[in-house]
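User: I want to learn how to read a model like this one. Please take me through it feature by feature.

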Amino acid sequence: MSKDIRIRKGLDIKLVGEAEKTTVEATRSNVFAIKPDDFHGIIPKVIAKQGTEVKAGEPLFHSKSNEKMLFPSPVSGEIVEIVRGAKRKILAFKILADKEQQYVDFGAKDVNAMSGEEIKAHLLSSGCWPFVKQRPYDVIANPDVAPKAIFISGYATAPLSTDKDYVLAGKENELQAAVTALSKLTEGQVHISVGKNSNSPLTGLNNSTLHKVSGPHPAGNASVQIAKIDPINKGEVVWVVSPQDLVVIGELFLTGKFNAERTIALAGASVKNARYYKTKIGAEVSSVVYHSGVHDEANIRVISGDVLTGENVRPDGHLGYYHDSITVIPEGDDYEFFGWNKPIFNKISPSRALTFSWLFPNKKYNLNTNTNGEHRAFVVTGSYENVFPLDIYPLQLLKACMVNDLDAMEQLGMYEVAPEDFALTEFVCVSKQPHQQIIREGLDLMLKEIG
Amino acid sequence: MGLKDKLHKLKLKYKGKKMAPAFNAIHTFLYLPNETTHSGSHVRAADDLKRTMNTVIMSLVPCLIFGMFNAGYQHHLALGEIDAVSSGFLSPEFWSFDNLTVGLWKILPLVVISYGVGLAVEFVFAVIKGHEVEEGYLVTGMLVPLIVPVDTPLWMLAVAVVFGVVIGKEVFGGTGMNILNPALTIRAFLFFAYPTWMSGDKVWVHGAVERAGTPDAISGETILGGLAQGKEIIAETASRGSEVAYSVADAFYGFVPGSVGETSALLILLGGLFLIFSKIGSWRIMVSAVLGALAMGLIFNGIVDAGWIDNGSKFYGLMSTEFWHHLIIGGFAFGVVFMATDPVTASQTNKGKWIYGFLIGFISILIRVFNPAYPEGVMLAILLMNVFAPTIDHYVVQGNVKKRMKRLKLKTA
């Protein structure tokens, strides 16, 4: 059964520096880092102390609230440092990788013969559980609550994001194993969505329902697809897994190894050779960025993830746990004479207020990180709705979050959104408000108060 | 070392100091700040609040320039020094240097006082409260001189601006938080505090007030004022000396007495189209307000046609005004295009904007007809709907909430 999803509202941000479709091996990263902050809301309890040797797949820590939920090391090696910040909060586990990688053997399994409970236990013990995220709240799924459906978006619409069809090519077996496994964890269906004209390996999978999606960003966001396919009501839970994480899960079932390898896109205007790299979760971004080379090294922002939702990791940072791209764009730490009133040709604008991006719909822009204005109270109305396809009032929901009005948040559809859904409203916001942060804090408050 | 670096050093020097907001206001006027993204999206669109406000100001400039010529034109015309316009919008009688001089002399001080006093209040509040100087007043400061009579005393304007900015905006928390449109708050204050300076037939033409009671007395009645008194002041063609002083074309082009910038429906239309094209002004509000006004106008025309009132009635003049004439007379067009669309005080939902705009148009004409003492209905209509805009939004948003509840019920049933 296939159902077409078409999105009209949205905005494709076209940037220069798209990754060329060739894959190269990244320089071997010496140190890998796992940052507990990548797992939102998880408080880590250390299992592997500093100085111990771990194999790939061996747990580094577990969640304070659920000790069955293990977080594995992506590589084998020695834990050289546990970086701590204020109040001894753990910021990162740093692992010095062995030259010869050793993997924990979890044993190859036949997913078709396993029960849902067995699969769940296997995912938890092997450290693959954190790949499964849930809505509402956009956090790691609670293993004790069965979801009404599972969603996998194989369609990336964010600017300069990884072409999922390209990086998943040849992974049919892993994907099938993972999808079969996940389908046993829900009463409902596993919904897979791909681009309209896609030849993604996700199209031919059993035990799943395929949807074809078209339209501008955020058509590829899971929330948009969920809203069109099976919207979340109060009290319901759905799970969301990203396709490259499915490959890791699938490989675990097929070979018994936790293989944190993924193909990432290196993109952005500051990159000399934008292309795809094979690397591992937690690798040093420098192993990729400097392999390609950058323009104007003193003036770059290195982002793990895409420009809308990624994390500023700096050139000495590491690839985030959930990210499948690295984007490098110029910093915008400079003044622009009369930048607020002169005609603008080199930036994207949803309006036509002496901004001329509407004249060149196919031009690719080199945007830097300047906010193009100062933070203000909400003034302009109606602009968010043009880029926000969900049947939710974005401005009203943001305001409800800012005043911690839990009732209003619930009524206005907070269960249906993730911070990433507000990336575009944040992009077009004239008042330069931090939308994603507001939504994240609102979700955290709800999780704490309502659960 | 260029200006850019010097200002950057000064900015660092002022950082955290009391005067920082004042310095930053000037600095960010000259330079787009060097602020970079810290959370969320790493890139941002080009528009900021300054650009948005600047776009509105640009759309107002034609009205301001026209207002200057019109001030002189009405003055000289009333004195009988020049002939009435004869050849359409570009008539040489209107676009003369003499007219402009009067306009510059009378209207520039209004602009200067409006901006000077208003921005001073904004700066003081920004420094006291430690927030940045916000851009809201850039538009308000431009609107204010355009919606007052040309001879408004400057001290009066200054008092009104202080009142409007403090009570209309700052007590609510500044730009983005106010309930009533600040420019209209200022005008409403003038209107109720100094009614003799804001209505009647002596205030709309420069020089009329000081000559009142002297042998050289001149008067200039607005079309609305005339209609309210039952005169047939507007017709297809005007004839000098008779009661029919203005043609429809005069009213459309704006060669009529009235507040400084409100007279030219043509330029307001152009400004409105520019706002819609640039996606800064809400076309929903403008279109629905026009529809609302036409609807009310048609109802009144219908009442007259049905013979329910005769021409002895004091409402007859305005009720029998052809329905679409309401769009080009008085301040209706100006109010709808530039004041009703203020995003802060208007409805914030798209559906709400339709209702809000329609009611503004509808009520404007209603007030116009039934309240001949205050023939300008659009100001009161917008202020009234400003108050009701949150209520309209509430019910629109509740519609969305109900839909969500229904989905849940269907699911659990």
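User: How many residues does the contact take from chain B and from chain A?

Analyst: This is a predicted model: local features need pLDDT of at least 70, side-chain atom pairs count only at pLDDT 80 or more, and totals for chains, interfaces and linings use all residues. Residues are numbered from 1 along each chain as its sequence is written, and chains are lettered from A and ligands numbered from 1 in the order in which they are written. Two residues are in contact if their C-beta atoms, placed from the backbone, lie within 7 Å. Here 49 residues come from chain B and 64 residues from chain A.

User: Which elements give two or more residues to the side of chain B that touches chain A?

Analyst: Helices (H or I, at least four residues) and strands (E, at least two) are DSSP runs, numbered from the N terminus. On chain B they are helix H2 (20-30), strand E1 (31-32), H3 and helix H17 (377-412). H17(B) gives the largest share, seven residues. By type, this side of chain B divides into 16 nonpolar, 20 polar and 13 charged residues. Ala, Val, Leu, Ile, Met, Phe, Trp, Tyr, Cys and Pro count as nonpolar, Asp, Glu, Lys and Arg as charged, and the others, Gly among them, as polar.

User: Which strand of chain A pairs with E1(B)?

Analyst: Two strands pair if DSSP finds at least two bridges between them. Strand E21 (residues 336-337) of chain A pairs with E1(B) in the antiparallel sense, over two bridges. Glu336(A) stands opposite Leu32(B).

User: Is Cys128(A) buried or exposed?

Analyst: A residue is buried if 20 or more other C-beta atoms lie within 10 Å of its own, exposed if 12 or fewer, and partly exposed in between; C-beta atoms are placed from the backbone. Cys128(A) is buried because 26 other C-beta atoms lie within 10 Å. Look for it in the loop between helix H1 (116-126) and strand E10 (133-135) of chain A. Leaving aside neighbours within four places in sequence, its contacts are Leu123(A), Val248(A), Ile249(A), Leu252(A) and Phe258(A). Cys128(A) and Leu252(A) are 124 residues apart in sequence, yet 8.4 Å apart in space, C-alpha to C-alpha.

User: How many residues does the largest nonpolar core have?

Analyst: In soluble globular proteins, nonpolar side chains tend to be buried together. A nonpolar core is a set of buried Ala, Val, Leu, Ile, Met, Phe, Trp, Tyr and Cys residues joined through C-beta atoms within 7 Å. The largest one has 243 residues. Those with the most contacts inside it are Ile249(A), Leu266(A), Ile326(A), Val336(B) and Ile360(B). Helix H3 (residues 49-78) of chain B gives the largest share, 13 residues. Domain 1 (48-220 + 257-262) and domain 2 (264-390) of chain B both give residues, so the core lies between them. These bounds come from an automatic or database domain assignment.

User: How many residues of helix H5 (residues 136-146) of chain B are buried?

Analyst: The count is 11 of its 11 residues. Gly136(B), Tyr137(B) and Pro145(B) are among them. The cover includes H3, helix H4 (97-129), helix H6 (154-168), helix H7 (182-193) and helix H15 (332-339) of chain B.
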